[in-house]
Amino acid sequence: MKTESLLDAASAQALAFAWLANAVRPVSEYGERVFADLRPFKPGEEAAASARAQRIAGVAATFDSARLDAVRDALRGAPDAVGAIARASMGDVLADANFLELQRFCDAIARVDSLGAGVPGIEPVANDAVRAAGRALEPGRSGKFGFYLADAFDGRLAAERAELARAQAEFDAARGRAYAKVGRQLGRDDFGEEFIVMRADLRGSVPVGVRVLREAPTYLLCALEFDSATLAALERRDAAADAAAVAEEAVRAALCAVVRRYAAQLDAAAVALGELDVLAAAAAFTRKHRCSVADVVGEPALAFEGGRFLPLEIELGAEGRAFAPIDVELHDTAVLTGPNMGGKSVCLRTCGLIAVCAAFGLPVPADRARTSLFEEIAWLGIGSDEDQLGGLLSSFAKEVVRLREVLERDAARLFVMVDEFARTTTPLEGKALVVALLERLRERAACGLVATHLAGVAREAGARHFAVRGLRGIPRRPPAGGLQAALAALAASMDYTIAEVGDDAAAGTDALALAALLGLDAGLVGAAYRHLGAEAPPPGGQE
Amino acid sequence: MRVGLAIFDLARAAGAASIFVVGIGKNVGKTVTTRAVYEAAHASGLRVGITSVGRDGEAVDAGDAQPKPRLFLRPGTTIATAREALPRSPAAEILDLSSLQTAAGPLVYARVRHGAFYELVGPPTASGMREAVAALRSRADVTIVDGAIDRVAALAGGESAIVVAGGASAAGTMQEAVDAMRALVERLTVARYDPRDDAVRIDGALTPARAAGLIGAHESRQIVVRDPTQIALAGKAASHAFARLRIRCERPLHVIAATVASIGRERTFEPRAFARAVADATGLPTFDVYAGERAA
């Protein structure tokens, strides 16, 4: 999957693009080639993006899990025959392992076609070339998985092999007689090409047919020397082996001629197999993560109900916790506020992931969604890999450089997620920058969310204001269980619902409650409450 | 006597389904031993699988272009070797393709249909060889591996037998060759540790420095390594460590025999004296693969 101009590296990292790419990765080399060239749809390609997502969702809905798994297993087990096709098309005579690759390629196509028969959105991969190659290779099928250049390919091959077997037997017999004769004279039956004869064991002289290679005081290093009859048998064996080799090469050449004749169509089938692999991977993703097809629209918008940021949902699931799905409705750039740990960043990431999925024509992780295609999806603020900019810049400077880059790219349709931009400078100047940024983004008709803790930003920028509802009450700090238990208690008390609020709400004291929940010294937290003119909750907190 | 058959009988008596042939160096008769055991296994009527850690059966030595012993494999034998090492003729039956890589390209499993000389080029890594041996075992009654010591330990379990080969090519004198065989066998035959007894577990290799530290500390507990190849000691250091420390392992190996090749390219040893010395030093049944006899 190529992100092209859709995501820069920092945004890709913040939105877990690598995770998504891995989640929809195909299983075969055929699929990998197609997958590597996959690019996001651009504004204006809404119909194509929508059609792809519909096709994926259709396959996910029609294929039951077992059949989908069977398709992917067949693809996974298919060796890459593209190199063999290319070599044969250039006139090379392939090796037998290549014919097995080709045979399995044909078998995999037959298997996936059989599994996909009647499924809407799945076109048969097999074509005349695949059928012709399969027929040509069929005599070589050996057992369930193997290939052998069998006699059935050619009568001449069978005859030459029979002659080789006869010549080999003749030579073996002649050699056996030579070994037996020498063995009788030496009084032993175990020696190979080179062997040692102990002088003490030698009865008389060295037997005829034995050549001494090296003499030592106690032994002789010897080799067997064949007589003329055995050498003649060896010559006949070698001649028969040469003739059999010629016959085998002739069969290979004939098979390669078939591959060469149909090379273009076989290549087309390989591409189709790859596309099916990519489709099956996306369908498996859709089924596994309960994704739905977004309504892809032409005007700037991103709206969804029940949206989920899948990497976090999986992480929470591993801990036995559930992700609280969220609803968002955007048509321009709005402000998002809410308490710490209230899910502002996750909301931004959910928006980004859904927009990215839609851009690649994938069903999105939401119950319902409506989105446009964006030219660029940009993340600014916490969570991007600011270290890419080096260590000489301050956090604020890095943010500014990132913002400058995004604005300079001047994408015609931009979706932007801004997570606490300018949080590390003075609140007064930070707020001024955020308000100015909002104004600029709205001028450019960008769509997105600006998450901030700064009060009054939405009002001053004239932007819509969304807020996380936040804590339903102040959670009791668990007596045991450490950080994980505290986080679970927090999650149970947090209302992650995102709602549009009419005006800037008054700041709450959720941050102090959170500090107490996470075990910060009670005296320190109490002092903070007093500075706000508020009363601290009783020690230990309350439900 | 038939040396291959004698070794094969020892392996069968030990209940081994796999036989690994390892050597103290190059050109010490490993391939000749492998060939002898292979011939015996094939003659017994069993389905034989064979492979090599690295390269084996090539016509000439890649290092010095000297001729090497070759492997003539008979119909029905299953092999794991590099695609590029398969002879084009006579054609073999290609059983399966593997994603494992060897020094000569990807690995294939093949069955010999017509007898021919074969070059075996197996996976160089322990994990790769484990996979290849498992695949051979699924297709053969007995599997023979021309191995490298460091890879063998990761593969050889209770159902495996090891044959150690030594020869004149790997040492300057007969005594050096005998010492090398003794040290290797001593290392490979380290006993299993006693779980009821106190032990010091060594993470990784037992090096001379670690052994010296343990000796200096008068360590009397069992010194436990994962398998014998984790004992990175040789020569006098090895002898000293084995005499002073109770070295044990978690996964012991089963060494069944030694073979000797008294003729080397640069020197030769007196065959019977060499075989007898190795037998005395190792306590193993010892065979001279060139003289075709067992040490008296």
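Analyst: Here are the labels, each set against its cut-off. The model is predicted.

User: Why is A:Met341 called buried?

Analyst: The cut-off is 20 or more other C-beta atoms within 10 Å. A:Met341 has 21 C-beta neighbours inside 10 Å, so it counts as buried. A:Met341 sits in the loop between strand E9 (333–337) and helix H13 (344–359) of chain A.

User: And what makes B:His218 exposed?

Analyst: Exposed means 12 or fewer such neighbours. B:His218 has 7 other C-beta atoms within 10 Å, so it is exposed. The loop that holds B:His218 runs between helix H6 (208–216) and strand E13 (222–225) of chain B.

User: Which peptide bond is called cis, and on what value?

Analyst: The bond from B:Ser89 to B:Pro90, with omega near -5°. B:Pro90 is placed in the loop between strand E5 (78–82) and E6 of chain B. Most peptide bonds are trans.

User: How do you know that the span of helix H5 of chain B is close to the expected one?

Analyst: Compare two lengths. Helix H5 (residues 174–188) of chain B has 15 residues, and 21 Å is expected at 1.5 Å a residue. From first C-alpha to last, H5(B) reaches 21 Å. The span is therefore close to the expected value.

User: Why is H5(B) called mostly covered?

Analyst: By count: 12 of its 15 residues are buried. Among them are B:Ala177, B:Met181, B:Leu184, B:Val185 and B:Leu188.

User: What makes B:Val164 stand out in the largest nonpolar core?

Analyst: Its contacts. The core has 258 residues, and B:Val164 is one of those with the most contacts inside it, along with A:Ile354, B:Met181 and B:Val278. Helix H11 (residues 263–288) of chain A gives the most to this core, 14 residues. Leaving out residues up to four places away in sequence, B:Val164 touches B:Val22, B:Met181, B:Leu184, B:Val185, B:Leu188, B:Val255 and B:Ala258. A contact needs C-beta atoms within 7 Å.

User: How do you know which residues of H5(A) and H11(A) make their contact?

Analyst: The axes of helix H5 (residues 65–76) of chain A and H11(A) come within 10 Å and cross at roughly 145°. The crossing is left-handed. H5(A) brings A:Ser65, A:Leu68, A:Val71, A:Arg72 and A:Leu75. H11(A) brings A:Asp277, A:Ala280, A:Ala283, A:Ala284 and A:Arg287. By class, that is 6 nonpolar, 1 polar and 3 charged.

User: Last one: how many residues does each chain give to the contact between the chains, and which element of chain B gives the largest share?

Analyst: Chain B gives 26 residues and chain A gives 30. Strand E6 (93–102) and H8 of chain B each give two or more residues to the side that touches chain A. E6(B) has the largest share, 5 residues. That side of chain B divides into 13 nonpolar, 5 polar and 8 charged residues.

Definitions and conventions:
Residues are numbered from 1 along each chain as its sequence is written. Chains are lettered from A and ligands numbered from 1 in the order in which they are written. This is a predicted model: local features need pLDDT of at least 70, side-chain atom pairs count only at pLDDT 80 or more; totals for chains, interfaces and linings use all residues. Helices (H or I, at least four residues) and strands (E, at least two) are DSSP runs, numbered from the N terminus. A nonpolar core is a set of buried Ala, Val, Leu, Ile, Met, Phe, Trp, Tyr and Cys residues joined through C-beta atoms within 7 Å. Two residues are in contact if their C-beta atoms, placed from the backbone, lie within 7 Å. Ala, Val, Leu, Ile, Met, Phe, Trp, Tyr, Cys and Pro count as nonpolar, Asp, Glu, Lys and Arg as charged, and the others, Gly among them, as polar. Axes are lines fitted to C-alpha atoms, for helices over the stretch in contact, and angles run from 0 to 180 degrees between N-to-C directions. A crossing is left-handed if the near helix is turned anticlockwise from the far one by less than a right angle, and right-handed if clockwise.
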